[in-house]
Amino acid sequence: MKNQENKIAANKHLAELLGWSSIVEVGGALVGTPPTGTAESRGQALVPDWCGDWSAIGPLAAENEVDVLHNWGSVHGRWGAGANCAVRVAVYQVADYRDAATRTALVMAMIAKLEGGL
């Protein structure tokens, strides 16, 4: 399933940007070594499913001031102010439902923000 592959790739990319290492896929889930100093840092831990779980992406997006704008069949993940801070995600290109597309837009915006060093 293409959406599952996209979800795993996005979760892995975000995990790497957040400092996770040694990330491997195990049965559709990701396992890796959390960033130093986290509660689970004694070894391997389950990487949060930011694309699939509101309880994972919600707090991360709130902490990093990332939000979304729904507009005519697309979801825009965004942060800060200005035109250079948005990532457009077409709802049905990345997910079958608006709910999943919204989580994915938040993940993609987090990735873009971290890659931009913001």
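This is a predicted model: local features need pLDDT of at least 70, side-chain atom pairs count only at pLDDT 80 or more; totals for chains, interfaces and linings use all residues.

User: Why is T102 called buried?

Analyst: Its relative accessibility is 7%. Buried means under 20%. T102 falls under that cut-off, so it counts as buried.

User: Where is T102, and what is it in contact with?

Analyst: T102 sits in helix α4. Leaving aside neighbours within four places in sequence, T102 is in contact with W54, V68, H70 and V75. Contact here means heavy atoms within 4.5 Å.

User: Which other residues of α4 are buried?

Analyst: The buried residues of α4 include A100, A101, R103, T104, A105 and L106. V107, A109, M110, I111 and K113 are also among them.

User: How do you know that the length of α4 agrees with its number of residues?

Analyst: Helix α4 covers residues 98-115, which is 18 residues. At 1.5 Å a residue, α4 should span 26 Å. The expected span uses one less than the number of residues. The end C-alpha atoms of α4 are 25 Å apart, which agrees.

User: What comes just after α4?

Analyst: G117 does, with a positive phi of about 70°.

User: Why is E65 called exposed?

Analyst: The relative accessible area of E65 is 63%. Exposed means over 50%. E65 passes that cut-off, so the label exposed applies.

User: What is noted about the backbone of E65?

Analyst: E65 has a positive phi of about 55°, although it is not a glycine. E65 lies in the loop between α2 and β4 (66-71). S22 is another such case: its phi is positive, about 50°, and S22 is not a glycine. S22 is in strand β1.

User: What makes the buried residues of α2 lie on the same side?

Analyst: In helix α2 (residues 54-63), the buried residues are A56, I57, L60 and A61. They cover an arc of only 105° around the axis, which puts them on the same side of α2. The general rule fits here. An α-helix has 3.6 residues a turn, so residues three or four places apart point the same way.

User: Which residues are on the face of α2 turned away from its buried side?

Analyst: That face carries the exposed residues S55, P59, A62 and E63.

User: What makes β1 and β3 edge strands?

Analyst: The sheet is open, with three strands in the order β1-β2-β3 and antiparallel pairing. The edge strands β1 (21-26) and β3 (45-46) each pair on one side only.

User: How do you know that β1 and β2 pair?

Analyst: Two strands pair if there are at least two bridges between them. β1 and strand β2 (residues 29-33) have four bridges, in the antiparallel sense. That meets the cut-off, so β1 and β2 pair. E25 stands opposite L30 in β2. S21 stands opposite T33 in β2.

User: How many bridges join β2 to β3?

Analyst: Two bridges join them, and the strands run antiparallel. At least two are needed, so β2 and β3 pair as well. A45 in β3 is the bridge partner of G32.

User: What lies between β1 and β2?

Analyst: These strands form a hairpin with two residues between them. G27 in the turn has a positive phi of about 60°.

User: Which residues of β2 are on its covered face, and which on its uncovered one?

Analyst: L30 and G32 are on the covered face. A29, V31 and T33 are on the uncovered face.

User: Which residues have the most contacts inside the largest nonpolar core?

Analyst: They are L14, W20, V47, W50, I57, V66 and V107, in a core of 22 residues. The elements giving two or more residues to this core are α1 (2-17), α2 and α4. Helix α4 gives the most, with five residues.

User: What is V66 in contact with?

Analyst: Leaving aside neighbours within four places in sequence, V66 is in contact with A61, R78, W79, L106, A109, M110 and K113.

Technical notes: Residues are numbered from 1 along each chain as its sequence is written. Side-chain values use heavy atoms; hydrogens and water are left out. Buried means under 20% relative accessible area, exposed over 50%, partly exposed in between (1.4 Å probe, protein chains only). The arc is that of the directions from the helix axis to the C-beta atoms. A nonpolar core is a set of buried Ala, Val, Leu, Ile, Met, Phe, Trp, Tyr and Cys residues joined through side-chain atoms within 4.5 Å.
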